[in-house]
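Subject: Structure handover

Hello,

Here is the structure you were waiting for. Please open it alongside this note; what I found follows below.

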Amino acid sequence: MSILRKLMVAAALSAAMFATAAHAENVKIALVVKSLGNGFFDAANKGAQEAAKELGDVEVIYTGPTKATAEAQIEVVNALIAQKVNAIAISANDADALVPALKKAMERGITVISWDSGVAPEGRQMHLNPSDTNLIGETIVKLAADYLPEGGDVAILSASSTATNQNAWIEAAKKALPEKFPKINLVATVYGDDDSAKSTDEAKGLLKSYPNLKAIIAPTTVGVVAAAQVVTDENLIGKVNVTGLALPSEFKKFIDNGASQAVALWNPIDLGYSAVYLAHDLAVKKMEAKPGAKLPIGRVGEVTLDDTNSAPMAAPFTFDKTNIEEFSKIY
Ligand code: RAM
């Protein structure tokens, strides 16, 4: 072999080795959730892992604190910065408190998006809403109103008092009440922090304080299960209807026993899938998140960013006794 040829072979070999090494270096995307141990986020992680497989060069790090607080999430974000992940996709426990830590991440070249529960625009490149905020707000009240033809007192059992998503939905619900549901009387809003024990206590408190309560609306998959269990245990089935946003696999038994007539939710697997897809495209393909931008989300379709760089994924579905069985097998 001539010297030139030897050199060429060596160059080709080292290029091939370099290519393999580069390929082995996966893009690390952290899917940061409000808290671990929540079935909704576990379902989102399923979709996230699916997106990682499909994209091929992605490793999804599923992480979050044990309690749904902003302070605990800040620690998680700082650890991810130290770990030099490529992207952070966060469902935030507070719109503002996370901003400094996420800004630091962006300054270090980390792509940051929020999904499910948003961060203020200065702390992220874009936000993926599950569905249109006004539509969710209206849906959760309608779910109660549909079964209260005479109207009556209802209360909201939310997640944490700083949760961006629940606060936005509650605000939208309150806006819809006087005009679209004038016979529905919202008597209280309480917070169970997406913690089963606290949500149970808060649901019990509502039933004690408001003996005429006709419905509990819980726009959280953790709170809605706790409230339905309390209504079941206190023999109030038929008197108090529990509704809100629920994961069919966790909630089917309460549709079956009559503690609830109907609940709603979007597909959480698709939401986790879409969040990873977007984080990947911004980090790797260098797509730009700007108002009007159309960004693909794989098999789920496409989103168009509004002037706050936010976009909804899809409309929520309603689950009742006719279809919850089928959905409970999926998520
Ligand atoms: C809980 C969380 C999550 C919310 C769902 C509906 O699991 O609060 O953020 O989107 O409920």
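In this predicted model, the end C-alpha atoms of residues 29-286 lie 15 Å apart. That span is 47% helix and 20% strand. Helices (H or I, at least four residues) and strands (E, at least two) are DSSP runs, numbered from the N terminus. An unreviewed UniProt entry places "domain: Periplasmic binding protein" on residues 29-286. UniProt positions follow the numbering used here, feature names are shortened, and annotations may be inferred rather than shown by experiment.

On conventions: residues are numbered from 1 along each chain as its sequence is written. Local features need pLDDT of at least 70, side-chain atom pairs count only at pLDDT 80 or more, totals for chains, interfaces and linings use all residues, and side-chain values use heavy atoms, without hydrogens and water.

Now the rings. Rings of Phe, Tyr and Trp (its six-membered ring) pair if their centres lie within 6.5 Å; planes under 30 degrees apart are stacked, over 60 edge-to-face, the rest tilted. The count is 11 aromatic pairs. Phe40 and Trp266 pair edge-to-face, 6.3 Å centre to centre, with 90° between the planes. They are 226 residues apart: Phe40 is in helix α2 (residues 39-55), Trp266 in the loop between β10 (263-265) and α10 (268-283).

Phe40 counts as buried because its relative accessibility is 5% (buried is under 20% relative accessible area, exposed over 50%, partly exposed in between; 1.4 Å probe, protein chains only). Trp266 is buried too, at 1%.

Phe40, Phe41, Trp115, Trp169 and Trp266 form one aromatic cluster.

Best wishes
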